Amino acid sequence: MFKSIKAPISIVVTLSMSVMAAAVLWFAVLEHKALYLNLAHSHAVSLANGVVKNVAPAMLLNAQKAYSLSNVLILLKEHEHVISARIYDSNFTLLLEEEGPSANRLNEPFLNTLDPFALTEGVSIENDVIMARRVIGSSQKPDGFLILFVDAKAPLSGSVKGLLLNVVPIIFVLWVISIIGTLFFIRRVFRPLSELSFFTKQVTDTKDYALRQNLTSRDEIGELGENINLLLEMIEVELLINHEQNQTLVDQQETMIRLANYDSLTGLPNRQFVLDNLRLELARARRNDDDLALLFFDLDGFKGINDSLGHETGDLILIEVADRVSTLLREGDLVARLGGDEFLVLPDRETRDTSLENMAGRLIDAFTSPFELRGLSLSVGVSVGVARAIDADYDLSELMSNADLAMYRSKAKGRGSFTIFTPDMVESHKRKFHLANAIEQGLKNDEFMVYYQVKVDHEGKVIGLEGLLRWQHPEYGLVMPNEFIPIAEQGGKISAITRWVIEKVCIDLPKLREWLPHRFRVSVNLSGHDLRDSNLFDNIYEIFTRHNVNPEYVEFEVTESAYLENFASSNKFFKRMSNMGCAIALDDFGTGYSSLSYLTQISIDTLKIDKQFVHELETSERSRLVTGAIIDLAKRLSLSVCAEGIENETQWHYLIEHGCDYIQGFMFSKPIPMDDLILSPKQFIIGNVNNSEGR
């Protein structure tokens, strides 16, 4: 109802002062009446006493008594407020009544019915009439009585009117002055409060919490102003803190979004981001009956660099890879890091074979030049797999699987190649999947077999054998190691296979010793995965102990790459095996790192020349030079030399002439089962060897 607190306060103050003024006036009138009545009372007493004094002599007269009384009472007419005067004898018989100027009040009933005998001595007042009763003469023996009636109503009313006429203007003026002064005072008192109200509204409108009020009063309003300043200061501080916290939350949210969608190392989109985008793109392509393709690749040789030079160097290579690939892409193309050294490129709606081949070719060519990092020149290649959505029926999981299959098909071709997925690859993948799941059951069911291939000396005498694993699968038939060993390595089952082979060789060793009475060694191959097994030595020792095997009859072969990829642990393991009596052979020498510095540190007994060099002895002068250098190097290091893959006498004679110690190949025998081995000759006459039979 009221927009300002001043209005109700002003009204209350005005009403209060009006009531107070009216009360003062009322009490003044009452007091004036009381004073007037007291004065009239005294006047009536004096007047009655004077009349009694004057009529007392006349009461003693017998003659002219009435006349004398009348002369005395007539004097009362000079008093305008006298109603009447009555003189009674001692028996209260009315002797004379003289009316005064206010005799008109005699018509009032109470005066007509008044019993004079009922009046008491003295002065009384009733109905604004002052009645004075006096004894004339002695009070013990009165001569008569005087009753005087004086009007108090008219003079009292006139006196009150006079009072009001004199007092009311003064009271009104004072009331007005008081009201004006009070309102001015209220306005002045509430001015700081109004300023505070305006100030707070200004803060509300501007949202500027740096504003401050500047009241100087020391009363409660001033204290309120200071409290408002303190509150604004607190709000300003809290807003600043909230702003900083909100900014921190925004930054953290952006960081979380980036961490959730981008690779922290390369800055490329990560697996989650690209898979989410692929789902959307596949849905769009299905709706529009379009196709899309993706290129999946990983780095060839990255693991060796990462293991040998450290993860920090590996991280630098991954960053460089991301930069190189990003420069190849067109606007709209997407490249992402899926994890490790795996990357994915999603071309912008490009599915033609020629375009995909060109992009894959550019991708491969981008890695022909080495990475120059920390003074090192490091070469890394890529194997690329290409897959289309239409071949995967627009299913994300199948599309990724197809690209992965194509990429591994590229790896099988050799580094720096690409493969476009075709549906027939799925059958090959299913075969690998079935083989991977059947390895454990195959070991339990004795589906695996050890075939033996002889090693002969320069005279053709069998001086050793190599145990080679075969798998007689109930569905796929005979499966060769080059197919199932990589599958076993990827599935983490190679250690179980290796233990099975070692145990099988230990079981066959007594029969082999009966067939070949002189000292020989049976070679067993170990993979890089085996060398990373910390329990390998203990497992071999346990098998040897259980089968009572002399370690001097066993040789372990490991490829150069596998040895050097796990150099520290491999060296420690082979030293322990050598101390136990086993021989160590370095297989495929010349095709791996071929670092001469390693040859001075590793613990081996034999170098095996890879069959790649043996096959090219007749056609390549370089292969002959490399083979001769390897044999010469081994002799200087007091190592035995074994050549594998011998298929004809020309190769045989060249190797024997250059000092090769052992020969192994189809010229003498292919890998055969144990039962066939014990029926074969123990001495081969070189001129009579039939190659076709050997194969």
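Phe448 and Trp471 are both buried, where buried means under 20% relative accessible area, exposed over 50% and partly exposed in between, with a 1.4 Å probe and protein chains only. The model is a predicted one, in which local features need pLDDT of at least 70 and side-chain atom pairs count only at pLDDT 80 or more, while totals for chains, interfaces and linings use all residues. Residues are numbered from 1 along each chain as its sequence is written, and side-chain values use heavy atoms, with hydrogens and water left out.

**Aromatic rings**

A pair of aromatic rings is described by the distance of the centres and the angle of the planes. Rings of Phe, Tyr and Trp (its six-membered ring) pair if their centres lie within 6.5 Å; planes under 30 degrees apart count as stacked, over 60 as edge-to-face and the rest as tilted. The whole structure holds 12 aromatic pairs by this search. One of them is formed by Phe448 and Trp471, which are stacked, with 4.7 Å from centre to centre and 20° between the planes. Phe448 belongs to strand 13 (residues 448–456) and Trp471 to strand 14 (residues 462–473), so this pair ties together parts 23 residues apart in sequence. Helices (H or I, at least four residues) and strands (E, at least two) are DSSP runs, numbered from the N terminus.

Trp471 also pairs with Phe484: the ring centres are 5.7 Å apart and the planes stand at 85°, so this pair is edge-to-face. Here strand 14, with Trp471, is linked to helix 12 (residues 481–490), with Phe484, across 13 residues. Trp471 and Phe484 are both buried. Ring pairs join Phe448, Trp471, Phe484 and Trp500 into a cluster.

Two arginines sit over phenylalanine rings, as tabulated below. A charge sits over a ring if NZ of Lys or CZ of Arg is within 6 Å of the ring centre and within 35 degrees of the ring normal.

| Arginine | Ring | Distance from ring centre |
|---|---|---|
| Arg324 | Phe371 | 3.9 Å |
| Arg576 | Phe537 | 3.8 Å |

**Helix 21 and the cysteines**

In helix 21 (residues 649–657), the residues Gln651, Trp652, Tyr654 and Leu655 are buried. Their cover, judged by contact (heavy atoms within 4.5 Å), includes strand 13, helix 19 (611–615), helix 20 (621–636), strand 20 (640–644) and strand 21 (662–664). The N-terminal end of helix 21 is capped by Asn648, which has a side-chain oxygen 3.2 Å from the backbone nitrogen of Thr650. After helix 21 comes Gly659, with a positive phi near 95°.

A disulfide is taken as a pair of cysteine sulfur atoms within 2.5 Å. The count by this rule is zero disulfides. For Cys642, the nearest cysteine sulfur is that of Cys660, 6.3 Å away. Cys642 counts as buried at 1% relative accessibility, and Cys660 counts as buried at 5%.

**Two buried polar residues**

Arg86 is located in strand 1 (residues 82–89). Its relative accessible area is 12%, so Arg86 is buried. Its side chain makes a polar contact of 3.0 Å with the side chain of Glu97. A polar contact is a pair of N or O atoms within 3.5 Å; within protein, one must be able to donate a hydrogen and the other to accept it, and residues adjacent in sequence count only if both atoms are side-chain atoms. Not counting residues up to four places away in sequence, Arg86 touches several others, among them Leu94, Leu106, Phe145 and Phe149. Arg86 and Leu96 are 10 residues apart in sequence, and their C-alpha atoms are 5.8 Å apart.

Ser523, in strand 16 (residues 521–526), counts as buried at 0% relative accessibility. The side chains of Ser523 and Glu557 are joined by a polar contact of 3.3 Å. Beyond four places in sequence, Ser523 touches Lys455, Leu465, Glu466, Gly467, Glu555 and Glu557.

**Strand 8 and its partners**

In strand 8 (residues 342–346), four of the five residues are buried. Two strands pair if DSSP finds at least two bridges between them. Strand 6 (residues 293–300) runs antiparallel to strand 8 and is joined to it by four bridges, with Phe296 opposite Leu344. Strand 7 (residues 334–339) is also antiparallel to strand 8, through five bridges, and Arg337 stands opposite Phe343. The hairpin of strand 7 and strand 8 has two residues between the strands, and Gly340 takes a positive phi near 60° there.
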